[in-house]
Amino acid sequence: MYNTLLVQPLINLLVFFYNLFWHDFGLAVVALTVLIRLLLYPSFKHQLEAQKKLSQLQPQLQVLKEKHKGDREAHAKAQMEFYKTNKVNPFSSCLPLVIQLVILFALYRVFFTGLNGQALQSLYPFITNPGSINHISMGFLDLSKPNLYLALITGVFQFFQSKMMISLQPKPVAGSKNPEDMAANLSASMSKSMLYIFPVMTVWIGATLPAGLALYWLITTVFSIVQQYIIMRDNKKPLTSNN
């Protein structure tokens, strides 16, 4: 089921772009990445807008917390009602991440097979079988083998993208002994740590797996940075609360 619904369509799309872009596997990976990002744009846009809105609503959430101080059940109920009234889902950022990880694992399967003869037998009837796939892109970049330089470049862009995402998170409440504030502060601290850990992990993973995956993640990250800049630029007006 997993192969039929995800791996096989990705193989066919890659081969389609490979045939379209002069049998350059790198260009095929870039084209596939852009297509995936365009398809995911609505969910990504919703994720960013929800994060920004949640950050802007933080002062009102703090007032709500003080209002129900000592009554966690009443506060939880009022908080959920507040989210509903303001049309905010605090968990909206999870789905796009899950989707991206699922696609990344599927692409790993695609690159792991090397798009060999057996994999090419799963092509749809309307996709031309090139016979074999040349993994060399632009005459020098072998996307079937790990590439440290490409992994390092990907890690740098991952750092800037993570930094942009952190700027959308609610500001921590310094010195607060409230359990929820302490949990939020811990989450903010972990996010700040991930600002450095995640790029390092990206470099390590990119340097050990086929460079095609690193190229996919690099284009995905650059695309995310551009999308995030455009979305945030077009969404600068302060929110007006319904309360």
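**Close-up views of a predicted model**

**View 1. Helix α9 and its span.** Helix α9 consists of 23 residues and reaches 33 Å from its first C-alpha to its last, close to the 33 Å expected at 1.5 Å a residue; the expected span is 1.5 Å times one less than the number of residues. Helices (H or I, at least four residues) and strands (E, at least two) are DSSP runs, numbered from the N terminus. Of the 23 residues of α9, 17 are buried, and the helix is thus mostly covered. Buried denotes under 20% relative accessible area, exposed over 50%, and partly exposed in between (1.4 Å probe, protein chains only). The model is predicted: local features need pLDDT of at least 70, side-chain atom pairs count only at pLDDT 80 or more, and totals for chains, interfaces and linings use all residues. Residues are numbered from 1 along each chain as its sequence is written, and side-chain values use heavy atoms, with hydrogens and water left out.

**View 2. The nonpolar cores.** The largest nonpolar core comprises 35 residues, and those with the most contacts inside it are Leu14, Phe25, Val29 and Leu107. Two or more residues of this core come from each of α1 (2-20), α2 (25-56), α5 (94-113), α6 (117-120) and α9 (211-233). Helix α9 supplies the largest share, eight residues. A second, separate core of eight residues includes Leu54, Leu57, Leu61 and Ala78. A nonpolar core is a set of buried Ala, Val, Leu, Ile, Met, Phe, Trp, Tyr and Cys residues joined through side-chain atoms within 4.5 Å.

View 3. In helix α3 (residues 58-67), the buried residues are Leu61, Leu64 and Lys65. These residues lie on the same side of α3 because they cover an arc of only 100° around the axis, the arc being that of the directions from the helix axis to the C-beta atoms. An α-helix has 3.6 residues a turn, so residues three or four places apart point the same way. Pro59, Val63 and Lys67 are exposed on the other side of α3.

**View 4. Surroundings of glutamine 158.** Glutamine 158 lies in helix α7 (residues 148-166). Its relative accessibility is 2%, and glutamine 158 therefore counts as buried. Leaving aside residues up to four places away in sequence, glutamine 158 touches Phe198, Pro199, Thr202, Trp217 and Thr221; a contact means heavy atoms within 4.5 Å.

View 5. Phi is near 55° for tryptophan 22, a positive value in a residue other than glycine. For histidine 23, phi is near 60°, likewise positive in a residue other than glycine. Tryptophan 22 counts as exposed at 70% relative accessibility, while histidine 23 is partly exposed, with a relative accessible area of 41%.

**View 6. Confidence along the chain.** The protein averages a pLDDT of 79, and 80% of the residues score at least 70; pLDDT is the predictor's confidence in each residue, from 0 to 100. Confidence is lowest in helix α8 (residues 179-206), at a mean of 69, and highest in strand β2 (residues 141-142), at 91. Over residues 239-243 the pLDDT is below 50, and this stretch has ten contacts in the model beyond near neighbours in sequence. Where pLDDT is low, the predicted coordinates should not be read in detail.
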